[in-house]
Every structure is written in C-alpha cells, then in structure tokens.
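Good morning, and thank you for making time for this presentation. Please look at the structure as I bring it up.

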Amino acid sequence: MTQLAQPLLSRVADAVYWMARYIERAENVARFLDVNHNLMLDLPGVFSSQWQPIINTTGDRALFAERYGEATQQNAVRFLAFDAEYANSIYSCILAARENARSVRETISSEMWEQINSLYLMITAEARKAAPDSLPEFCHAVRMGCHLFEGITHSTASHNEAWHFISVGRRLERADKTTRILDVKYFILLPSVADVGTPFDDVQWSALLKSVSGFEMYRKKYGRIAPDRIVEFLLLDGEFPRAVRYSIGQADQALHAITGTPHGGFSCASEQRLGRLRSELDFARVEDILQGGLHEFFDALQTKMNTIDECIGNNFFAQRPEGARVWA
Amino acid sequence: MRFSGYRTDSFYDEMFQDDGTPRPHVRLLVDTIENLSDGHLLRYQRAAERLLLQMGITFNVYGDSAGAERIFPFDLVPRILSAGEWAHIERGLVQRIHALNAFIDDIYHDQKILKDAVIPADVVLSAASYRKQCHGLSPPWRVWCHITGTDLVRDRDGCFYVLEDNLRVPSGVSYVIENREVLKRIFPAVFEGLSVRPVNEYPSRLLEMLESLALGEQNPRVVLLTPGIYNSAYFEHSFLAQQMGVQLVEGRDLVVSGGDVFMRTTKGLERVHVIYRRVDDDFMDPDVFRPDSLLGVPGLMAAYRAGRVALANAPGNGVADDKVIYAYVPDMIRYYEGEDPILPNVPTYLCWRDADRQYVLEHLAELVVKSANESGGYGMLVGPHSAQAAREDFAARIRANPRNYIAQPTLALSRAPTIVDDHFEGRHVDLRPYVLCGKEISVLPGGLTRVAMKKGSLVVNSSQGGGSKDTWVLAPGGPS
C-alpha cells in the first residue's frame with residue numbers, strides 16, 4: 001500500500017514554527033547575557049556596569065525601566081533570564097517553546113520533546129534561585145541545551161514539511177537577533193567617534209563577534225578587527241551560519257521546499273517577500289549600506305522580516321474559510 | 001528490601017496468601033526482589049520517577065492552576081495475573097462488551113428489551129446520556145463501543161467484579177504502555193525467567209480497528225480528536241496519535257464542507273474518514289449538542305448520520321454507561337447472549353426504587369454512593385470514610401433526585417505490596433482492562449492497575465492521588 005505524504009495541519013505548522021523561534025530566541029538571550037558579562041570583566045571600573053545596551057537589544061527598554069529601573073547586573077539577569085512576566089525572557093521563551101511542543105507532541109520526535117522538557121526542568125529549577133550560581137555556566141547550559149535541540153531535530157525528525165517550518169522559524173529568528181545586536185553596538189555601545197579604533201573599541205567588537213560565536217570564523221576570514229568588515233561578515237556573509245544573509249538564504253530554501261515552487265519564482269506573498277530580501281542581500285555591498293546609514297538599513301530590514309512573518313501566518317497558519325485554498 | 005514484615009491483614013492480597021507464602025505465580029518475582037542488594041529497589045524506584053519526569057509523562061489536574069502537570073505516581077512492584085485468571089477475565093469481558101453493543105443498538109432501534117420489560121423504559125429514556133439524536137443510526141458493524149476501559153475490582157473472596165463499564169471516552173491505556181517501557185528500562189532483571197505478555201501492540205490494534213470503520217475506503221485517513229492541551233488526558237491523546245502515526249486534531253482543525261469532514265492543512269483541506277474522538281458527546285457538535293461548545297465541529301453529527309465519517313466511540317453509547325443502567329447489565333447478558341454473566345456486577349441499590357432508597361438512606365455510613373453520570377472519583381461518597389456533614393449532604397441530594405444515585409456495599413478491595421518509604425505496605429488496587437471492538441473483540445492483556453497510594457484509601461483515581469503499577473499477564477503454560 002502506498003502512503004501519501006501526511007498533510008500538515010495549519011495549527012501544527014504554526015506551533016512548530018513558533019517552537020523553533022522561541023528556542024532560538026532563548027539561545028540568543030543567553031548569548032547576549034554571557035558575552036556582556038564577559039565584557040564587563042575586561043573593562044575598566046567606570047564602564048563595568050554596561051547592562052543597559054543589552055536591555056536595548058531586546059526592544060523592550062521601556063518595560064524594563066518600568067519594572068526594574070536601574071540596569072544593574074542583577075536586574076538585567078532577572079529580567080532577561082527569569083522574569084516569568086516578560087514574554088521574551090529565557091524562562092518565558094522555553095515555557096512557550098514547550099507549550100508549543102506539547103501541542104504537537106505527536107508530530108515531533110520523542111527525543112525532541114524530551115530535550116525541550118529537560119530544558120524546561122532546568123530553567124524552572126534555576127528560576128527558583130535568587131540568581132544563578134554562575135552566570136557563565138547557566139548561559140552555557142542554555143546555549144548547549146538549545147544546540148542539542150537543534151541537533152536532535154536535525155537527526156531524529158524526518159526532513160519533511162514540518163521540519164522545513166522549524167527551519168524557517170529558526171532562521172528568521174536568528175537573522176532578527178543578529179541584526180539587533182549589531183544595531184546596539186553601533187548606536188549604544190559606541191560612546192563617541194573618538195573611541196573608534198581604540199583598544200576599548202576592539203574589545204567591544206570582539207565581544208560582539210563572540211556573542212554570535214563568530215569571533216574565530218571572522219578572524220580566519222578577515223584577520224584584523226575592523227568595524228566595516230565585521231558588519232560585512234555578520235550581515236552579508238554567505239557561509240557563516242549566524243550571518244543575516246546566510247540565515248535568510250536558508251529560510252528561503254526551506255520555504256521553497258514547503259511550497260515546491262522552483263527557485264527564482266514565487267507562489268505566495270511570503271515567498272515573494274522572502275525571495276526579494278534574499279536577493280537584496282545577495283547583491284548588497286557593505287559600503288553602500290554604510291553610506292545609506294546602518295541604522296536606517298536595520299530598521300528597514302526588521303520591517304521586512306516582520307512583514308515576512310505576517311505573510312507566513314496568512315499564507316499557511318491562518319484559519320481559512322471553507323473551501324478556500326491557501327494560495328488565494 | 002524484604003517482604004518479611006509484610007502483612008496481608010484481612011484483605012485478599014495480590015501476591016501473598018493468608019499464611020504469608022507467595023502465590024505460586026509470583027514466587028519468582030518475590031525471589032528476584034528479595035535477592036537484590038540493599039537499597040537497589042529504592043534506587044530503581046527513584047530512577048523510574050526521574051525518567052517519567054524527563055519523558056514528561058504527566059497529567060493535568062482540573063482546578064489546579066500553577067504547575068498543573070503532575071507525574072502519575074508509579075510503583076515499581078508489578079501486579080501479576082496468572083494465565084488462568086486472565087482467561088476468565090477475558091472471556092467475561094468479551095461476553096459483556098458483546099451484550100452492551102447489542103443493548104445500545106437495540107435501544108437506538110427497536111427497543112425490544114424495553115418492550116419485553118427486562119429493563120424499565122423510563123430508566124433508559126431518562127438517562128442523561130441517552131441521545132435521541134442517535135435514533136435509527138447503524139454505525140459500521142453495528143458497533144457502538146469501540147474502545148472500552150472496564151473497571152474491575154477483587155473483593156475479599158478473591159473474585160473479580162465489574163465496577164464500571166466506562167464506555168464513553170475511557171483513558172489510561174497510554175500508562176499501561178509507558179509503565180511497561182519504564183520498568184523494562186529501569187529494572188530489566190525482573191522479567192527474567194518469566195513469560196510476560198507484551199502490551200505494545202495496542203496502538204497497531206487500535207489503528208487497524210479504526211481503519212476498519214471506513215467501509216470501502218482504500219486509504220482511510222484516521223485522526224484523533226482531542227479537546228486540547230488543557231485536558232487531563234492530553235498526554236494520552238498525543239501519545240496514541242504519535243504511536244499510531246495519525247494526526248492529532250482539535251475541533252478548530254476540522255471543518256465540514258459539502259457533507260464531508262476535512263482538516264485544515266497548509267495546503268488546503270484534506271478529507272478525514274475516521275475520527276477517534278476523545279471529546280464527550282456534549283461538546284462534539286454545537287449544531288446538535290451543546291451550542292456553547294468551542295471544542296467541537298459544527299456539522300459533524302450530520303456528516304456522521306450520513307455515513308460520511310465514522311466516529312469512535314459512537315455518540316450515544318453512554319446510555320449503557322449510566323450507573324443505574326449498569327445494574328441491569330447482567331439482565332442484558334441473559335437477554336441478548338442467553339448466558340449467565342461470567343463476571344458478576346457489584347450488588348447495586350437503585351435509589352429510584354423506594355425500598356432500595358430506604359435502605360440506602362438508613363445505611364449511608366456503610367455504603368459507597370455514586371451519582372449516575374460522574375466519573376473520575378467525583379460525585380461520590382465512601383460511607384465508612386465520610387463525615388456526618390457529607391452524609392447529610394448526600395442524603396438530601398438522593399431525596400431530591402433519586403434517579404441520579406446508586407449505592408453499593410463498600411468492597412474490601414484487594415491489596416498489592418507497594419513501596420512506602422523504605423518498606424512494603426499493602427495498598428488497595430483495581431484493574432482496568434482495555435477492550436477493542438470492531439468486527440471482532442480483542443482485549444489488551446492486563447490493563448491499568450491503579451493503586452490508592454494513601455494508606456487505607458479505596459479511591460484509586462489519578463485525580464484523587466492514585467498511582468499505578470505495571471500489570472503482567474503471564475503466558476499460558478507457566479506457573480498458575
């Protein structure tokens with residue numbers, strides 16, 4: 001008996017997409033915390049409480065100010081790692097990822113479920129403490145837990161439609177986070193033009209690269225720490241897995257795998273938008289981006305990615321009236 | 001850990017005879033456990049609990065908001081049924097399910113059993129679970145109870161009695177399968193030298209049975225309909241869907257169009273042929289049953305009536321699950337099968353009968369009172385363990401609505417040795433075997449043994465602090 005490929009429920013596609021996004025988000029928040037903590041240890045005393053920039057990367061600066069006031073290490077860690085009422089804390093992300101996973105437990109592999117569940121057991125145990133015993137160890141555990149989930153997903157789930165939705169979710173989230181952290185470095189960390197090129201600046205750029213695990217790969221490719229090249233590397237590299245262009249390219253491939261549309265064409269709004277963004281990045285030059293204003297570029301990029309997310313929701317997840325096709 | 005200080009007291013014990021010697025079919029298990037070096041069994045017990053938590057095998061408790069998931073307590077010492085005991089239970093269940101199906105089909109067609117006055121018509125037609133919308137329906141194979149989880153108990157005499165039939169949406173079978181997996185992973189040595197009948201073929205049997213309901217369909221699409229992640233049995237729903245490889249759907253994933261049932265997928269609507277529904281009748285279709293239900297699918301009953309989709313269990317089958325109608329099952333067996341019941345009922349007083357009600361009201365402190373339509377240990381009074389106020393409350397409720405109450409003598413449920421702190425104590429148990437009924441009837445060997453973990457308690461429901469044990473049926477030919 002030949003079995004047709006199992007169609008994917010819209011609700012399930014939605015849940016796995018968000019499961020992947022939340023895991024990726026939790027991992028990135030852990031990266032931000034870890035690298036910032038590390039950076040503080042290298043800096044002279046007057047600079048040693050630079051937690052505000054990290055809060056700013058989240059885009060939830062106002063909420064933090066309202067709930068905590070001063071950006072001390074303790075407050076920042078509480079907010080970003082364990083605050084159950086803050087939707088983008090590591091804690092909330094892992095809970096949300098698990099709730100999504102729980103609603104599709106029959107679709108994902110048992111191993112994937114068990115890994116999300118063990119992340120959940122770890123974070124709930126940690127959240128009961130006033131602060132983690134060791135922040136670096138905690139961040140490392142979250143990062144490794146999320147990597148493990150990604151690896152388990154890759155090697156235990158069939159690379160079918162649901163898997164491609166996981167891939168789209170992860171890549172879009174990753175591109176978004178890399179953009180945010182670059183944006184912060186340019187506009188918050190940079191105290192004045194005079195600091196550019198000083199050892200202090202080098203430390204910060206290195207920290208930025210480390211926060212996306214890109215320090216070593218950057219060094220191999222470019223050697224010297226140079227802001228333009230770092231921007232090029234993190235935005236436009238076609239090989240580094242956390243670079244925006246690479247992530248968008250992967251998301252685009254996954255989306256084509258879902259729809260079956262040949263590359264170079266599109267069959268729905270999400271494909272059209274994502275494809276356009278991909279080729280824009282494929283043919284971009286960092287010099288032009290810097291000339292046009294990096295911050296403006298980031299703003300436009302994030303708007304585009306938000307639109308893509310909305311289109312994916314409309315094209316694949318939205319409840320359709322009877323008989324309507326998703327390609328309408 | 002040794003069984004030396006273990007006392008059966010005056011109860012029927014699943015492992016030990018009154019003189020303290022092990023029953024013949026559990027002797028090997030007793031030896032295996034006693035031969036473990038000190039501390040091993042407790043280590044295994046803790047490892048099993050950790051494993052269940054890691055695997056996220058949990059259930060939800062209604063009315064418990066924060067941290068609403070709990071693991072279902074698991075006791076490492078298995079409960080063993082001999083091949084002979086099981087053969088008797090199996091025959092009794094097949095007979096009973098056959099009669100119950102015949103009864104439901106009769107009630108929704110000619111009502112011969114009512115016309116012949118074997119059961120009073122008003123008792124049946126007044127049952128809250130009687131669905132006049134199901135009149136005249138003939139589901140595939142004329143089967144109405146596809147999946148049943150019959151509750152059996154043993155009294156002091158060692159005999160098995162049927163306590164409840166659970167025909168509607170019985171749960172717990174996932175724990176049967178997972179308990180076995182956990183025991184095999186944690187304590188494999190306990191199986192050595194014994195031939196224990198496997199339980200893991202259940203999902204395949206279930207899928208075959210469900211597929212057989214799509215008459216004439218080459219590649220039927222089966223789905224499992226769940227009320228969603230907040231349902232207490234959600235783990236089981238996703239587990240069974242995963243093990244069968246079918247889609248787990250919620251009401252909002254389904255839509256009726258042009259008389260057929262479809263699910264909403266990323267690539268449009270896909271036809272569904274069979275629905276294993278774990279949603280109660282009342283919530284299944286707001287067009288026909290409760291209009292405020294958000295869990296159901298508008299138009300589902302119309303599609304079902306037209307034979308465009310099969311539903312398991314069949315809507316309306318709860319009429320035979322009413323606790324008052326339960327009392328008449330032995331009469332049904334005699335009426336439809338022409339045989340005496342193999343598994344007896346627990347003697348039952350029906351409060352709508354004046355004499356029975358009189359007796360019940362006078363003996364509340366000795367009896368177990370149940371309302372006709374509740375399950376999960378809710379709406380129940382255990383007389384000997386009750387307070388005066390609770391008894392008065394039940395007396396008032398019985399007088400106000402006698403049709404809704406039955407009473408049974410408080411049984412001395414059998415006990416099984418259970419790990420308590422660092423030693424064994426007897427705890428009361430029941431047994432819920434699972435019966436599948438399509439073209440033929442098959443019984444999963446064993447079933448779920450639920451344990452009342454609190455000392456002296458007779459309430460085994462998971463929502464009331466009950467736990468479970470792996471349940472073994474020994475293959476024929478071994479010790480009996």
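Into which domains is chain A divided? Chain A consists of domain 1 (1-157) and domain 2 (159-319), with bounds that come from an automatic or database domain assignment.

A word on conventions. This is a predicted model, in which local features need pLDDT of at least 70 and side-chain atom pairs count only at pLDDT 80 or more, while totals for chains, interfaces and linings use all residues. Residues are numbered from 1 along each chain as its sequence is written, and chains are lettered from A and ligands numbered from 1 in the order in which they are written.

Let us return to the domains. Their C-alpha centres in chain A lie 20 Å apart. Across the boundary, 25 residues of domain 1 of chain A are in contact with 24 residues of domain 2 of chain A; contact requires C-beta atoms, placed from the backbone, to lie within 7 Å. On the domain 1 side, α1(A) gives the most, with 18 residues. Helices here are DSSP runs of H or I with at least four residues, and strands are runs of E with at least two, numbered from the N terminus. By class, that side of domain 1 of chain A has twelve nonpolar, seven polar and six charged residues. Ala, Val, Leu, Ile, Met, Phe, Trp, Tyr, Cys and Pro count as nonpolar, Asp, Glu, Lys and Arg as charged, and the others, Gly among them, as polar.

Within chain B, consider helix α3 (residues 83-107) and helix α12 (residues 329-337). Their axes, lines fitted to C-alpha atoms over the stretch in contact, come within 9 Å and cross at roughly 85°. Angles run from 0 to 180 degrees between N-to-C directions, and α3(B) and α12(B) are therefore roughly perpendicular, a class that covers 65 to 115 degrees. The residues of this contact divide into eight nonpolar, two polar and two charged.

Finally, Q218(B) sits in the loop between α7 (202-211) and β7 (222-225) of chain B. Q218(B) counts as exposed because it has 6 C-beta neighbours inside 10 Å, the limit for exposed being 12 or fewer.

Key:
Parallel < 35°, antiparallel > 145°, perpendicular 65-115°, else oblique. Buried ≥ 20, exposed ≤ 12 C-beta atoms within 10 Å, placed from the backbone. Contact = placed C-beta atoms within 7 Å.
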